[in-house]
Amino acid sequence: MKLKNLRLSEDFCGFECAVFDLDGTLLDSMPMWHGVSDKYLESHGISLRSSVWDEVKRLTETQTAVYFQEKFGIKDSIDVICAEFESIIFEEYAKKLQLKDGALDVLVWLNEMKIPCVLATATNRKCVSACLSRLKIAGLFTDVLTCLDLQTNKHEPLIFQKASEICGASFDKTVVFEDAYHCISTAKKASFLTCAVFDESANEKCPDGKTDWEHIIALSDYAIKNWREIL
């Protein structure tokens, strides 16, 4: 399937706002999420033959904790298990995770063009703030919005709407950069322009035999395999 390519110099004329997801879009963080459960179990002396990611990827943090209690005999309380998850995750954001190649250049170009950028993420603010501070990119965003702060999720358009409103932009002049199908679907239904950003996690097969990426690019207004493409 041919990608609907986006070019900064050609296509951003008239755009009033750019809204960015963090994980899997700007940040190369999805491999980290795949390994959190493994790290937790290994710290409790449980050796694994293969990753448990496929078993827990659709579970909430609390559901994962319950699963570990039942599957691996973890005796700690749900709160203690979740606190350990969060400690492992925070360490990654605060010390290790990096931007995808070319993402910084895109953010800098948009700032130079006076196009406001807003970060809209489901990741908690503590992790986001630590990561942005370490990478020295907080100043490139007009604002940072999190689903937790807004008491919402990306199955609802609220976080995208708030981002656009902060910039005084109309929805149809706001482009939303996302790597996940459900997020792009939400933004599209709310009349935003969308640009899908490829992440390796999108190579996973769906029940119909197609990959997530095939479904994503069929839905999106634009799609890019990497940030260098649009510079």
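Start with helix 4, which passes helix 5 in a right-handed crossing. Keep in mind as you look that this is a predicted model. The two axes sit 9 Å apart, and helix 4 and helix 5 pack at an angle of about 115°. Angles from 65 to 115 degrees count as roughly perpendicular, so helix 4 ends up roughly perpendicular to helix 5.

Who does the touching here? On the helix 4 side you'll find Glu61, Thr62, Thr64, Ala65, Val66, Phe68 and Gln69, and they meet Ile78, Ile81, Cys82, Phe85 and Glu86 in helix 5. Sorted by class, that contact of helix 4 with helix 5 comes out as seven nonpolar, three polar and two charged residues.

The crossing of helix 10 and helix 11 is left-handed. Helix 10 brings Tyr181, Ile184, Ser185 and Lys188 to the contact, while helix 11 brings His215, Ile216 and Leu219. By class, the contact of helix 10 with helix 11 has four nonpolar residues, two polar ones and one charged.

Both of these pairs turn up again once you look at the largest pocket. Its volume is about 1700 Å³, and 43 residues line it, with Met30, Trp33, Trp53, Lys57 and His182 lying nearest its centre. The elements giving two or more residues to that lining are helix 2 (30-43), helix 3 (53-56), helix 4 (61-72), helix 5 (78-95), helix 8 (147-150), helix 10 and helix 11. Which of them gives the largest share of the lining? That would be helix 2, with four residues.

Finally, have a look at the second largest pocket, which has a volume of about 210 Å³. Its lining is made of 14 residues, and those nearest its centre are Asp28, Lys100, Phe198, Asp199 and Glu200. Helix 2 shows up here too, giving the most to the lining of the second largest pocket with three residues. Split by class, this lining has five nonpolar, three polar and six charged residues.

Technical notes:
Residues numbered from 1 in each chain as written. Predicted model: local features only at pLDDT ≥ 70, side-chain atom pairs only at ≥ 80, totals over all residues. Heavy atoms only, no water. Left-handed = near helix turned anticlockwise from the far one by under 90°. Contact = heavy atoms within 4.5 Å. Nonpolar A, V, L, I, M, F, W, Y, C, P; charged D, E, K, R; others polar. 1 Å grid on protein atoms, 1.4 Å probe; cavity = no way out; pocket = protein on both sides within 12 Å on 5 of 7 lines; lining within 4 Å. Points joined across faces, edges and corners; volume = space filled by probe spheres on them. Axes fitted to C-alpha atoms, helices over the stretch in contact; angles between N-to-C directions. Parallel < 35°, antiparallel > 145°, perpendicular 65-115°, else oblique.
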